[in-house]
Amino acid sequence: MKVELRGIHKYFGNNHANNDITLTIPSGTIQGILGENGAGKSTLMKILSGFIHADQGEILLDGKPVSISSPAEAIRFGIGMLHQDPLDFPPMRILDNFMLGLPGGLFPNRKEAAQDFNLLKKEFGFALDPESYVDSLTVGERQQLEILRLLFLGARVFILDEPTTGISAAQKAKLFDTLKKLPEQAITIIFVSHKLEDVEVLCDQVAVLRQGKLVGEVKEKPFDTKKLVEMMFGKEITLGARQVAERHGCVLELNNLSIEDARLRLNDVNFEVEGGEVIGLAGLEGSGQGAFLRACGGIVRPVGGSVRLRGRDLTGKSYHIYKRNGVEFLPAARLEEGLIPGLSLTEHFILAEKSKGVFINRERGVREAQSKIASFNIKGTPAHTVESLSGGNQQRALLSLLRDPLSLVLVEHPTRGLDIESVIYIWGKLKERCRKGTAIVFISSDLEEILQYSDRVLVFFSGKISQPLDASTTSVEQLGELIGGKGWAS
Amino acid sequence: MTKNSRWANIGFQIAALVLALLFTTLILLAAGAPPLEAYQNILTGAFSSFKKFSDVLVSWVPLLLVSAGLLVTFATGLWNIGVEGQITLGAIATTWVLRELQDSSLPPSLIIFLSILAGMMGGALWAALAGALKTFGGVNEIFGGLGLNFVATALTIYFIFGPWKRPGVASMSGTEPFDEALHLYLFPGLRLSPWALVIAILAIVLVYFLLQGTYFGLRLKAVGKNFRAAYMLGVPTWQYMMLSFLICGALAGIAGAMQVTSVYYRLIPSISSGYGYLGLMVAMLVNYQAIWAAPIALFFAALNIGSIQLPIVLKLDSSLSGVLQGMLVLFVLIMEGIRQRISQRS
């Protein structure tokens, strides 16, 4: 199906999220939409899929102007959206999920649906059992289910919003193989991402958005990476050389530490971290690195061994005691664990500071917020509530809440879902801390991030921890094998 | 932009009021009662004389105290439905101290002061129970509070028919009334106590400043909006939750004490008079903003007092005021929902 967007405008308050976007996508094309966080990609896709309405402009499908007022109507027009987090119903069977959204009577025909499901599944080589439950699937498999469901509902245009976040490399390869088969059936794919390499591998043509505007299109392969980056950010960007900060003596000392959570147990960990050092924790999600990181901050109570911070034994103490000793934890779930939706930036800074008397000095709070907003380059005002900020700006806000000085910062996925400019900025700020003697321990599923920014790396595999690896002499391949369970002495 | 939305807000509130009146009118028509006359009676019942208005204020005092307390628990994200029981326990504790000290040689004003203090602590204790059940037992405060409400009612009945029964006859009319010396001072010729009025106004003003301008209030809000993140930002979360319960319980306890020392002068079975539930409605209606609590509580009190004469004049039940109050809350919530939908779209 051919998709044409003409002169799309969308305002959110004073924010011009989509500014006169005109884009033509021929039938059977894989169209990439690139842009940093907050560039307006998601807004445009939500307009196309009926979640929100454009303030101006029109949408043409196969040359006919249409007005799409809801997601249900979008699917009737043949537009299906695959969300960042698959919108399925985990406690239900795969087949029931598959049949959801089907127009049909009170009593759906399961048998017929099962036949259709198996037929479709065979076509794409998916190994999904229609009678098993959705909670047993990985994110990648849930995406497969969603693709089948949308195909079955008659989708001729697939919108994929950052589909490669949170899935493994193997799952990504499988997803791309599947997607590459779809254009043969004249299905159009719109692939939204801020990851250049994904777009380069998959897409036939690319459109780049910046600050709500369409800044350029590239239609010939291979794409010029440098040019795309320039279009995305309006300037050239490089990661820069690895930096190693001066050491400031032992900060964190783990002796025979044992940690247990619902699924696994880490036994007798002995490890030391020095001030100024950055330790990367690698591993598949749920291999024990999360519990390890939280145990370093007193958020998870160890079942054995001791945690010493600058020589002081803090084993079994609460996070607030750790905090008083110069430890801070930055969670990956920013709006669930780190920030308080409904409170403004100013209120966050007031909360994080030491209270001075009983009454709040609002003016001082606002001044403080303004200076933090300026020095951390947050796009927002002191009165903005945190949930109205984009993901990258929320992460900057979290960073700006860190007190000074600190002994140890524990970070879960410091740059998950952020564009490269934010990544560089955030690591710049973290490295600044290292130079002042702070130690950093972080989890990431991005292997390049781990090798680029850590001094030493610990790999976790189902409750086992590797010897510390020197990041400067380790390759992505070596790390990948360890994460996948190869090369471990059993 | 913000100015526009503020006017739109007021428009929605007015629409809610009109719809609530419309629905109550329909109910009245269905019951075969003359609506206009009923409304007129409520108005004259509440405002036709200074004496009547002072009665409205008598009802305003406990309602305002309870609403002030509930604003604190709501700010902390707690549904303190146990507030009814907290009023009752306040009244029981006040009665107890008055009974213990009424024959002592202490000056009456000191006895009254001590009894109100006891009421405050009684309410706080009852709230602390609900709080402890939630914090340490994982019992949702709605269920814990509801259970404690029943226990509080049972306690009242036990005292009235048991240890504190009137000599000779135990009856639903309550315990033996206290000596006039132990009554809170009233304005001459009225049923209104200046002390009660001052305490209630002080309570709402304090709560307003507490929530608006203090670190304490901001932390309470942080706990209410995101418990987990508040902890991560260094707020001692469960302690603040308990404090929030204690403050609300203390204010509800004072409301109970006022009922004993300045309205009934004894413990009666329904001493809380539903002010707890009414307070919940006020807090919801003002969208948890302290500044509106005083006028809305006054409006509710006026409806209460105004409808007292309905049974006599129009042979209508006085619960009509409750119908109107309930309708109002429902429609304000509905309009708020509609407003949010519209603002999301545009």
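The model is predicted.

**Strand S18 of chain A**

- The strand spans residues 439–443, and five of its five residues are buried, so the rest of the structure largely encloses it.
- In a regular strand, side chains alternate between the two faces of the sheet.
- S18(A) has strand S13 (residues 278–282) of chain A as a parallel partner, joined by four bridges.
- In that pairing, A:Ile279 stands opposite A:Val441.
- Strand S17 (residues 408–412) of chain A also pairs with S18(A) in the parallel sense, over five bridges.
- Here A:Leu408 is the residue opposite A:Ala439.

**The open sheet of chain A**

- Four strands of chain A make an open sheet, ordered S2-S1-S4-S5, with antiparallel pairing.
- Strand S2 (15–25) and strand S5 (64–66) stand at the edges; each has a single partner strand, so one side of each has no neighbour in the sheet.
- From one strand to the next, the twist averages 30 degrees.
- Strand S1 (residues 3–12) and strand S4 (residues 56–61) of chain A are joined by five bridges in the antiparallel sense.
- A:Val3 has A:Leu61 in S4(A) as its bridge partner.

**Where chain B meets chain A**

- The contact involves 18 residues of chain B and 21 residues of chain A.
- On the chain B side, helix H8 (215–225) and helix H9 (227–232) are the elements that give two or more residues.
- H8(B) supplies the largest share, six residues.
- By type, the chain B side has ten nonpolar, four polar and four charged residues.

**Helix H8 of chain B**

- Eight of the eleven residues of H8(B) are buried, so this helix is largely enclosed by the rest of the structure.
- The buried residues are B:Gly217, B:Leu218, B:Arg219, B:Leu220, B:Lys221, B:Ala222, B:Val223 and B:Gly224.
- They pack against elements of both chains: helix H12 (345–352) of chain A, and helix H3 (50–75), helix H7 (194–213), H9 and helix H10 (237–264) of chain B.

**Helix H12 of chain B**

- H12(B) covers residues 290–306, which is 17 residues.
- From its first C-alpha to its last, H12(B) reaches 25 Å, close to the 24 Å expected at 1.5 Å a residue.
- Twelve of the 17 residues are buried, so H12(B) is largely enclosed by the rest of the structure.
- Among the buried residues are B:Ala290, B:Ile296, B:Phe300, B:Leu303, B:Asn304 and B:Gly306.

**The two domains of chain B**

- The domain assignment gives domain 1 of chain B as 1–33 + 316–346, and domain 2 as 50–315.
- Taken over C-alpha atoms, the centres of domain 1 and domain 2 of chain B are separated by 27 Å.
- Twelve residues of domain 1 of chain B touch 13 residues of domain 2 of chain B.
- The domain 1 side of this contact divides into eight nonpolar residues, three polar and one charged.

Terms used. Residues numbered from 1 in each chain as written. Chains lettered and ligands numbered in written order. Predicted model: local features only at pLDDT ≥ 70, side-chain atom pairs only at ≥ 80, totals over all residues. Contact = placed C-beta atoms within 7 Å. Nonpolar A, V, L, I, M, F, W, Y, C, P; charged D, E, K, R; others polar. Pairing = 2+ DSSP bridges. Axes fitted to C-alpha atoms, helices over the stretch in contact; angles between N-to-C directions. Domains from an automatic or database assignment. Expected span 1.5 Å × (residues − 1). Buried ≥ 20, exposed ≤ 12 C-beta atoms within 10 Å, placed from the backbone.
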